[in-house]
Amino acid sequence: MFDGIAPYYDFLNGLLSVGIDTIWRRKTIKQLNKNDHRHVLDIATGTADLAIEAEKQLKCERIVGLDISNQMLEIGRKKVAKKSLSDVIELVVGDSENLNFETGSFDAVTAAFGVRNFGNLEKGLSEMHRVLRNQGKIVILEFSKPRIFPFKQLYNTYFKYVLPVIGKVTSKDPKAYKYLYESVQSFPDYENFEQVLQKIGFKNTSWTSLSLGICTIYQGTK
Ligand SMILES: C[S@@+](CC[C@H](N)C(=O)[O-])C[C@H]1O[C@@H](n2cnc3c(N)ncnc32)[C@H](O)[C@@H]1O
């Protein structure tokens, strides 16, 4: 599915979130520390926006962006090359549920709007835990379901009925943005996702909701 919508993905991200997605990613990387997090793995990196933001804020030695969709990565590679960041950011095809990296090889592992798509959430998170060094940090940005009245009702109407129509017309994929709504509904959010992180073995977990609960940043350490 992501191969198919790759050419429209960045445009639709900006349109459907009215540009706030860049602020969400910026806040996600702000959870990391310039000196402690030199080697970063960005899971489900897509078109590499979070990896690029990590380079901007942290000036890392090495950032690996991994994604299962080569079409998404191709767009990311063009952006990385245009910013002359190919020496720092490497974009590789891979499945987050079976990572081809040694145990303890990264200082931080990040993911933006990625973990919701895992076929097996706990397996993917366990792999993220495995490749982190001890005391390494995980930071995850993911959609959540707003809880505050009346924003919850207004947003739900937009998300369920308006957004899939804009997505369908623009991306020419009738299913992609319907899938977005459905996947967010079935995904564990807030304290429920924090519990999943703890079950996997992450410590010092916490979450911070953004934009009245549209998204949430989760973090923890190994
Ligand atoms: C909504 S996009 C997010 C892209 C990017 N992180 C961002 O912030 O815009 C979700 C990405 O997850 C990737 N993905 C889904 N399942 C995956 C898996 N099992 N392993 C690696 N990537 C996966 C998709 O190919 C897609 O590029």
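This is a predicted model: local features need pLDDT of at least 70, side-chain atom pairs count only at pLDDT 80 or more; totals for chains, interfaces and linings use all residues.

The dialogue below treats the core, the helices, the backbone, the loops and the ligand.

Me: How many residues are in the largest nonpolar core, and which of them touch the most other members?

Reply: In soluble globular proteins, nonpolar side chains tend to be buried together. A residue is buried if 20 or more other C-beta atoms, placed from the backbone, lie within 10 Å of its own, exposed if 12 or fewer, and partly exposed in between. A nonpolar core is a set of buried Ala, Val, Leu, Ile, Met, Phe, Trp, Tyr and Cys residues joined through C-beta atoms within 7 Å. Here the largest such core has 54 residues, and Leu41, Ala54 and Val109 touch the most other members. Strand 5 (residues 132–143) gives the most to this core, namely 6 residues; helices (H or I, at least four residues) and strands (E, at least two) are DSSP runs, numbered from the N terminus.

Me: Which residues is Leu41 in contact with, leaving aside neighbours within four places in sequence?

Reply: Contact requires C-beta atoms, placed from the backbone, within 7 Å. On that basis, Leu41 meets Val64, Leu66, Phe106, Val109 and Val131.

Me: Why do the buried residues of helix 2 line one face of the helix?

Reply: In helix 2 (residues 20–29), the buried residues are Trp24, Arg25, Thr28 and Ile29. Seen down the helix axis, they fall within an arc of 130°, so they line one face; the arc is that of the directions from the axis to the C-beta atoms. Their cover includes helix 3 (49–58), strand 4 (106–112) and strand 5.

Me: Where does the kink in helix 6 lie?

Reply: The bend at a residue is the angle between axes fitted to the seven residues ending there and the seven starting there. In helix 6 (residues 151–171), a kink of about 35° lies at Val162, shortly before the proline Pro164. The buried residues of helix 6 include Phe159 and Leu163, and its buried residues pack against helix 1 (2–16) and helix 7 (176–186). Just after this helix, Lys172 takes a positive phi of about 65°.

Me: Which peptide bond is cis?

Reply: The bond from Phe149 to Pro150 is cis, with omega near -5°. Pro150 belongs to the loop between strand 5 and helix 6.

Me: What does Gly213 touch, not counting residues up to four places away in sequence?

Reply: Gly213, in the loop between strand 6 and strand 7, touches Ser144, Lys145, Pro146, Arg147 and Ile148. Gly213 and Pro146 are 67 residues apart in sequence and 4.3 Å apart in space, C-alpha to C-alpha.

Me: How many residues surround the ligand?

Reply: A residue is near a molecule if its C-beta atom, placed from the backbone, lies within 6 Å of it. The ligand is surrounded by 18 residues, and among the closest are Ala44, Gly46 and Ser69.

Key: Residues are numbered from 1 along each chain as its sequence is written. Two residues are in contact if their C-beta atoms, placed from the backbone, lie within 7 Å.
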